Amino acid sequence: MAKYAGKYVDGFVLPVPKKNLELYRRHAQEAGQVWREHGALEYIECVADDVKPGEVTSFPQSVKLEPDETVIFAWIVYESREHRDAVNDKVMKDPRLANMDPKSFPFDGKRMFWGGFKVFIEV
């Protein structure tokens, strides 16, 4: 059986100032531990390496990337949508994350976007 058959994925794209990358890494590491402790199967965060602006759209354009920023592409894998909802409910109540002030984030949350996806194909 395919590794992700029937699975559900939350995906995220956001801009992070390059000067804040290490601080962001620490925040993301803690968040990832919280998600995993509450049942997420995988928690992955990636920093842009070969990401160029496109003519119509692209990762940099999608977050209105500034010259001093980079793009983060991340995803969390769950057993199902129901499992995702249950895990996220626990995560949002976890004291390590519940009282975070978005103004303290090392990135501009207004330019972050995310969504939930049913796995469609895995090869």
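Residues are numbered from 1 along each chain as its sequence is written, and side-chain values use heavy atoms, with hydrogens and water left out. Because the model is predicted, local features need pLDDT of at least 70 and side-chain atom pairs count only at pLDDT 80 or more, while totals for chains, interfaces and linings use all residues.

Side chains of opposite charge can pair when their charged atoms come close. A salt bridge here is a side-chain nitrogen of Lys or Arg within 4 Å of a carboxyl oxygen of Asp or Glu, and the structure has ten of them. One of these links R84 with D10, at 2.7 Å from N to O. R84 sits in helix α3 (residues 81–93) and D10 in strand β1 (residues 8–17), so this pair ties together parts that are 74 residues apart in sequence. Helices (H or I, at least four residues) and strands (E, at least two) are DSSP runs, numbered from the N terminus.

Both R84 and D10 are buried; that word means under 20% relative accessible area, with exposed being over 50% and partly exposed in between (1.4 Å probe, protein chains only). R84 counts as buried because its relative accessibility is 12%. R84 also pairs with D85, at 2.8 Å from N to O, and D85 counts as partly exposed at 37%.

Another salt bridge joins D108 and R111, at 3.1 Å from N to O. D108 is partly exposed at 30% relative accessible area, whereas R111 is buried at 17%. Elsewhere, salt bridges that share partners join D10, R81, R84 and D85 into one network.
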